[in-house]
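This briefing is arranged by topic for a reader who works with computed structures. Please inspect the sequence and the structure shown here before reading on.

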Amino acid sequence: MAKEIKTNVMRILDREKRPYQCYFYEHGDEAVDGISVAQRLGQNPDQVFKTLVTKGTSKRYYVFVIPVAKELDLKAAARAVGEKSVAMLPVKELTPLTGYVRGGCSPIGMKKQFATVVDESSAAFSTIIFSGGKIGVQVELAPADLLALTGAKTAPVTEA
């Protein structure tokens, strides 16, 4: 894979003058789960995060950024955004809503900025790694920069 690839995420980080590191990994037609991505990159799965999109009972959309080895606690997620409940967005609705495909969804650079919550475990790391907006591309960024760029907050939103 050519390292000259610049995703929208990278362009936004460059424009905002946020220091970041890029990682590229090989992938085939198969869906690459987050734990496999962490292994391919030789990274701690607790430091590699995935981006999940949900819809609340209010019909509002919410983005949750959690460690790849964890599951989203839907009740905790709903509490974090002040909803009665939230449900995972069906995969077929992801691209039209965010502009990203499953496996390449990033909290930065969606078509529209949605309320975003980053799992509080991110505070344990000086940087976290998440999708660079395309399958096969990850970016490493300080959690504080991610919060600032997305207007996100942190909360405990993963299952114990």
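Lys 17 is placed in the loop between α1 and β1, where helices (H or I, at least four residues) and strands (E, at least two) are DSSP runs numbered from the N terminus. The model is predicted, with local features requiring pLDDT of at least 70 and side-chain atom pairs counting only at pLDDT 80 or more, whereas totals for chains, interfaces and linings use all residues. Residues are numbered from 1 along each chain as its sequence is written, and side-chain values use heavy atoms, with hydrogens and water left out.

**Backbone geometry**

- Most residues other than glycine have a negative phi.
- Lys 17 is not a glycine, yet has a positive phi of about 55°.
- Lys 17 counts as exposed at 72% relative accessibility; buried means under 20% relative accessible area, exposed over 50%, and partly exposed in between (1.4 Å probe, protein chains only).
- Lys 59, likewise not a glycine, has a positive phi of about 75°.
- The loop between β2 and β3 holds Lys 59, which counts as exposed at 59% relative accessibility.

**Salt bridges**

- Side chains of opposite charge can pair when their charged atoms come close.
- Three salt bridges are present in the structure, a salt bridge being a side-chain nitrogen of Lys or Arg within 4 Å of a carboxyl oxygen of Asp or Glu.
- Lys 6 is bridged to Asp 14, with 2.6 Å between the closest N and O atoms.
- Both partners are partly exposed: Lys 6 has a relative accessible area of 40%, and Asp 14 has one of 35%.
- Arg 15 and Glu 16 meet through their side chains in a salt bridge of 3.7 Å, N to O.
- Arg 15 is exposed, with a relative accessible area of 58%, whereas Glu 16 is partly exposed at 36%.
- Arg 18 and Asp 145 form a salt bridge whose closest N and O atoms are 2.7 Å apart.
- This pair links distant parts of the chain, 127 residues apart: Asp 145 is in helix α5 (residues 143–150), and Arg 18 is in the loop between α1 (8–15) and β1 (21–24).
- Asp 145 counts as buried at 13% relative accessibility, while Arg 18 is partly exposed with a relative accessible area of 24%.

**Aromatic contact**

- A search of the whole structure finds one aromatic pair; rings of Phe, Tyr and Trp (its six-membered ring) pair if their centres lie within 6.5 Å, and planes under 30 degrees apart count as stacked, over 60 as edge-to-face and the rest as tilted.
- The pair consists of Tyr 61 and Phe 114 in an edge-to-face arrangement, 5.7 Å centre to centre with 65° between the planes.
- Tyr 61 lies in strand β3 (residues 61–67) and Phe 114 in the loop between α4 (91–98) and β5 (115–119), so the pair ties together parts that are 53 residues apart in sequence.
- Tyr 61 counts as partly exposed at 22% relative accessibility, whereas Phe 114 counts as buried at 6%.

**Nonpolar core**

- In soluble globular proteins, nonpolar side chains tend to be buried together.
- The largest nonpolar core has 25 residues, of which Val 53, Ile 108, Met 110, Phe 130 and Leu 146 touch the most other members; such a core is a set of buried Ala, Val, Leu, Ile, Met, Phe, Trp, Tyr and Cys residues joined through side-chain atoms within 4.5 Å.
- Two or more residues of this core come from each of α1, β2, β3, α4, β6 and β7 (137–141).
- α1 provides the largest share of this core, with four residues.

**Largest pocket**

- The largest pocket contains about 660 Å³ of space.
- On a 1 Å grid over the protein atoms alone, a pocket is an open set of points where a 1.4 Å probe fits, with protein on both sides within 12 Å along at least five of seven lines, and lining residues have an atom within 4 Å of a point.
- Grid points are joined across faces, edges and corners, and the volume is the space filled by probe spheres set on the points.
- Its lining has 27 residues, with Lys 50, Thr 51, Leu 52, Arg 102 and Gly 103 nearest the centre of the pocket.
- At least two lining residues are supplied by each of α2 (34–41), β2 (49–56), α4 and β6 (128–134), and β2 gives the most, with five residues.
- The lining has 16 nonpolar, six polar and five charged residues; Ala, Val, Leu, Ile, Met, Phe, Trp, Tyr, Cys and Pro count as nonpolar, Asp, Glu, Lys and Arg as charged, and the others, Gly among them, as polar.
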